[in-house]
Amino acid sequence: MAVTCCVRAEATLGEGPLWDPVRERIYWFDIQNKSLFWWRPGNGEGGHWTLPVRASAAALRADGSLLLATEGGIGVLDVETGGFEIRAIAEEPVENRSNDGGTDPSGRFWWGTMRDGAVPDAGSVYRLDPDWTIRRVIEPITIPNALAFSPHGRTAYVAESDRALIWAYDVDPATGDLGGRRLFAEVADGSPDGAAVDAEGYLWNAHWGAWRVVRYAPDGTIDRTIDMPVEQPSSCAFGGADLKTLFITSAREDLSDEALKGQPLAGSLFSIEVEVPGLPVAPFAG
């Protein structure tokens, strides 16, 4: 599969890609630089917002605004005016920031928190229900990632990046409550980062530090590996009119000047055309 650089950039920590099917554009963050970018494949238009806080993951809302997971809580961004406000706050240490996140098929928003420097067990995973109630659902955890869901909504994938593990949790689709968990995959090279699920229920995962994106079968076996031109691919999301474009973010964080010479596209946005489409992402139901 050919990897294309869609938008050349120098994001310190690119993350959280999200496709907007109404505006036909992809959103993604540079967490450390408090930026949210957008790009429209059809005509190449793009732009960005500078946010008052670091943000890392987003969800669509029915009114066209974006729900954002940020270090200051859950916020809402008006993409027409750029207006931003915090709507809900989790009980988190001020040193923590948000990390990966996304909606389940029922429209609940899930996101993780962590502390820079990967402080052990400093983070949690939360769920925001449609009534705007916040519930802590996993604790403690160091670097939560890969928050994605199976097509039927009965399995939640959560990666512990620091341990190089991806877990599969049972989920009650009616309530969002988590049940038992099993080890889905153990990453031998690099660490599992952001993920997306396709229409066949396969999990696509960015392997930070390993120059690759991997497609996992529902049983956790590796179906295929896509080599990337950057060391730190960070997350992925399906987009395009047919959801057959996999967008991939990347990062320059902690790479030396010498390392960057060998990967000048680090921090850019990439895409791969795939055969199996992704799943439509449910908007936040609140």
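**Exercise 1. In this predicted model, identify the residue of S11 that is the bridge partner of Gly102, and describe how S10 and S11 are arranged.**

Solution. 
Step 1. Gly102 has Trp110 of S11 as its bridge partner.
Step 2. The two strands, S10 and S11, run antiparallel and are joined by six bridges.
Step 3. Next, consider the connection. Five residues lie between S10 and S11, and the two strands form a hairpin. In the turn, Gly107 has a positive phi of about 90 degrees.

**Exercise 2. Determine whether Ser98 is buried or exposed, and describe its surroundings.**

Solution. 
Step 1. Locate the residue: Ser98 belongs to strand S10, which covers residues 96–103.
Step 2. The relative accessible area of Ser98 is 1%. Residues under 20% count as buried, and Ser98 is therefore buried.
Step 3. Examine the polar partners. The side chain of Ser98 makes a polar contact of 2.7 Å with the side chain of Ser56. The side chain of Ser98 also reaches the backbone nitrogen of Thr70, at 3.5 Å.
Step 4. List the neighbours. Leaving aside residues up to four places away in sequence, Ser98 touches Arg54, Ala55, Ser56, Ala69, Thr70, Glu71, Trp111, Gly112 and Thr113.

**Exercise 3. State how many residues of S11 are buried, and describe how S11 pairs with S12.**

Solution. 
Step 1. Strand S11 spans residues 109–115. Six of its seven residues are buried, and the strand is thus mostly covered.
Step 2. Turn to the pairing with S12. Strand S12 comprises residues 123–128, and four bridges join S11 to S12. These strands run antiparallel.

**Exercise 4. Give the strand order of the open sheet of four strands, and find which strands form its edges.**

Solution. 
Step 1. The order of the open sheet is S1-S24-S23-S22, and its pairing is antiparallel.
Step 2. The edge strands are S1 (3–7) and S22 (233–239), each of which pairs on one side only.
Step 3. From one strand to the next, the twist averages 30 degrees.
Step 4. Inspect the pairing of S1 with S24. Strand S24 holds residues 269–273, runs antiparallel to S1 and is joined to S1 by four bridges. Thr4 has Ser271 of S24 as its bridge partner.

Key: Residues are numbered from 1 along each chain as its sequence is written. This is a predicted model: local features need pLDDT of at least 70, side-chain atom pairs count only at pLDDT 80 or more; totals for chains, interfaces and linings use all residues. Side-chain values use heavy atoms; hydrogens and water are left out. Buried means under 20% relative accessible area, exposed over 50%, partly exposed in between (1.4 Å probe, protein chains only). A polar contact is a pair of N or O atoms within 3.5 Å; within protein, one must be able to donate a hydrogen and the other to accept it, and residues adjacent in sequence count only if both atoms are side-chain atoms. Contact means heavy atoms within 4.5 Å. Two strands pair if DSSP finds at least two bridges between them. Axes are lines fitted to C-alpha atoms, for helices over the stretch in contact, and angles run from 0 to 180 degrees between N-to-C directions.
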